[in-house]
Amino acid sequence: WSTLSPTAPTSSTSDNDDDDEDKKKKDKTLPRRVKVVTSTSPKSSTLAPNTTLSYGPISMSVDELAVHLGGRGRARLAWDCYAIGVDPANYFNRVIRLGMDVYETIYDQLPSSRRTQRLGMPTLDALSKLYQQTCSMDNTTVTQLEGGVARLSHVSTSRDSTTKLLLQLADGLQVETVIIPWNGVRSTLCISSQVGCRQACRFCATGKMGLVRSLTSDEILAQMFWARKLCRIQDLPPVTNIVFMGMGEPADNAAAVSKAAQILTTRSLFQLAANKVTISTVAPTPQAFGQFAQAPAVLAWSVHAARDELRRELVPTTKYSMAELSDGLIQALKERPMNFRTTMLEVVLIRDVNDDMDTDGAALVELSRKIVDAVPGCKLVVNLIPFNEIDTAVQDLGKPKLRPYKTPLAGTVRAFQKYLWNNGVYAHIRQTRGDDESAACGQLATAKQKQRESEA
């Protein structure tokens with residue numbers, strides 16, 4: 001997916017205890033689409049005062065990080081740690097601070113060829129300065145990933161082992177991410193892209209928060225870092241799938257989301273397959289899809305209603321017709337490789353609101369056929385999500401003409417699925433997970449927001 005340029009990373013003097021294999025590989029290439037700012041002093045493992053970066057070490061490729069750490073071997077070792085949820089600053093420091101982690105467990109999971117290698121203090125200092133330059137807030141200095149970019153504030157586990165992580169960011173704001181285990185074999189991680197959301201979907205707790213701010217790519221990837229750590233420590237199945245369906249609207253933070261998707265799917269980094277990462281957007285504009293046309297991920301559209309009037313009720317920030325928005329998705333899919341044109345239409349089914357087969361079902365079939373017929377090689381699936389009930393205050397029931405939303409009957413959901421199947425549209429019913437801990441779809445809202453609502 002990436003186009004390579006002939007630019008080679010700058011090499012520099014290495015620590016005595018670092019791997020110096022970069023001396024043998026001086027002609028590495030860097031992705032053209034990623035801006036890399038190098039130090040003005042090629043022999044220094046620290047950053048020059050005038051160096052500016054837009055993202056931190058966990059958002060860098062091995063080759064980018066090698067520029068700043070003075071060697072590709074050091075960068076690879078740092079990424080070996082990040083990939084399993086270990087902060088090099090804690091593992092290699094003079095004073096080892098592993099918290100709930102176990103040194104021997106980490107050692108066993110590192111690649112055997114690098115288990116005896118270490119990162120020296122000059123390299124750790126360089127990492128610290130990178131975080132200071134890229135992740136520090138107005139009144140907070142960030143020097144590392146764990147406890148700096150994001151700190152684990154709370155963990156709650158539901159009866160079905162769905163695990164919700166509350167992360168506190170450097171500025172004190174909080175964001176939620178959810179680990180969803182499946183059959184003891186694999187886990188899906190539901191990632192947030194913003195604190196809050198400005199789209200104000202009536203059925204979503206996050207929408208009630210409003211938009212507080214967008215997350216950086218480092219803060220997005222920190223969720224994967226913590227998920228990898230928790231899966232390893234709590235013996236949960238490994239994360240193999242990512243869905244950008246947590247707090248926030250990805251299209252309102254497209255650059256950071258696309259950067260995170262690139263890091264998640266890079267073989268030498270988090271090592272996920274591109275078809276195992278899904279970016280879901282409510283599509284604020286028809287151009288929203290185009291922002292992810294080249295992203296290494298499956299495109300999903302949070303439709304919720306194929307009829308214009310009903311969609312404006314469910315997604316009140318809607319400004320474009322379904323015809324205009326679907327044209328935007330079609331254009332984006334056509335820009336993708338022929339073998340990467342799978343898309344998903346997501347519908348939160350709400351009892352007596354959008355679960356009527358003759359009207360809502362028929363409109364959804366028509367929309368699906370339009371997309372499939374217009375895009376050669378397109379594979380489309382409809383994801384039916386039974387509404388998860390939230391506090392009535394979140395639904396803004398005091399506003400005129402708004403009706404209460406309720407979970408649909410199981411029989412209705414199955415009948416809706418069968419109707420789509422009978423009309424040539426493949427549909428899947430998403431199993432509700434984590435609802436007893438408010439970790440299910442549409443239930444994410446940080447504790448501080450909930451506390452403000454209870455005090456109001």
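Me: Is the crossing of H10 and H11 right-handed or left-handed?

Reply: This is a predicted model, and what follows is read from its atoms. To judge handedness, look at how the near helix is turned relative to the far one. Here H10 and H11 cross in the right-handed sense.

Me: At what angle do the axes of H10 and H11 cross, and within what distance do they come?

Reply: The axes of H10, residues 322-334, and H11 come within 10 Å and cross at roughly 30°. Angles under 35 degrees count as roughly parallel. H10 and H11 are therefore roughly parallel to each other.

Me: Which residues make the contact of H10 and H11?

Reply: From H10 come Met322, Ala323, Ser326, Asp327, Leu329, Ile330, Leu333 and Lys334. H11 contributes Leu367, Lys370, Ile371 and Ala374. Sorted by class, this contact has 8 nonpolar, 1 polar and 3 charged residues.

Me: How do the axes of H1 and H5 cross?

Reply: Read the angle and the approach of the axes together. Helix H1 (residues 62-69) and helix H5 (residues 121-135) have axes that come within 9 Å and cross at roughly 110°. That angle makes H1 roughly perpendicular to H5. The crossing of H1 past H5 is right-handed.

Me: Which residues of H1 and H5 make the contact?

Reply: On the H1 side they are Leu65, His68 and Leu69, and on the H5 side Thr123, Ala126, Leu127 and Leu130. By class, the contact of H1 with H5 has 5 nonpolar residues, 2 polar and no charged.

Me: Now to salt bridges. How many does a search of the whole structure find?

Reply: A salt bridge is read from a side-chain nitrogen of Lys or Arg within 4 Å of a carboxyl oxygen of Asp or Glu. The search of the whole structure finds 11 salt bridges. One of them joins Glu64 and Lys259, with the closest N and O atoms 3.8 Å apart. Glu64 is in helix H1 and Lys259 in helix H8 (residues 254-264), so this pair links distant parts of the chain, 195 residues apart.

Me: Are Glu64 and Lys259 buried or exposed?

Reply: Buried means under 20% relative accessible area. Both Glu64 and Lys259 are buried.

Me: How many residues of H8 are buried?

Reply: Of the 11 residues of H8, 10 are buried, so this helix is largely enclosed by the rest of the structure. Among the buried ones are Ala254, Val257, Lys259, Ile263 and Leu264.

Me: Where is the salt bridge of Lys164 and Glu176, and are these residues buried or exposed?

Reply: The side chains of Lys164 and Glu176 meet at 3.5 Å, N to O. Lys164 is in strand S4 (residues 163-169) and Glu176 in strand S5 (residues 174-182), 12 residues apart. Lys164 is buried, as is Glu176.

Me: What do Asp360 and Arg307 tie together?

Reply: Their side chains form a salt bridge of 2.8 Å, N to O. Asp360 lies in helix H11 (residues 357-374) and Arg307 in the loop between strand S11 (298-302) and helix H9 (308-314), so the pair ties together parts 53 residues apart in sequence. Asp360 counts as buried at 8% relative accessibility, whereas Arg307, at 34%, counts as partly exposed. Elsewhere, salt bridges that share partners join Asp171, Arg213 and Glu219 into one network.

Me: What is the phi of Ser161, and where does Ser161 lie?

Reply: Most residues other than glycine have a negative phi. Ser161 is not a glycine, yet has a positive phi of about 75°. Ser161 lies in the loop between strand S3 (150-157) and S4. With a relative accessibility of 33%, Ser161 counts as partly exposed.

Me: What is the phi of Ala283, and is Ala283 buried or exposed?

Reply: Phi of Ala283 is near 65°, again a positive value in a residue other than glycine. Ala283 sits in the loop between strand S10 (277-281) and S11. Its relative accessible area is 3%, so Ala283 is buried.

Definitions and conventions. Residues numbered from 1 in each chain as written. Predicted model: local features only at pLDDT ≥ 70, side-chain atom pairs only at ≥ 80, totals over all residues. Heavy atoms only, no water. Axes fitted to C-alpha atoms, helices over the stretch in contact; angles between N-to-C directions. Helix = DSSP H or I, 4+ residues; strand = E, 2+ residues; numbered from the N terminus. Parallel < 35°, antiparallel > 145°, perpendicular 65-115°, else oblique. Contact = heavy atoms within 4.5 Å. Nonpolar A, V, L, I, M, F, W, Y, C, P; charged D, E, K, R; others polar. Buried < 20%, exposed > 50% of the residue type's maximum accessible area, 1.4 Å probe, protein only.
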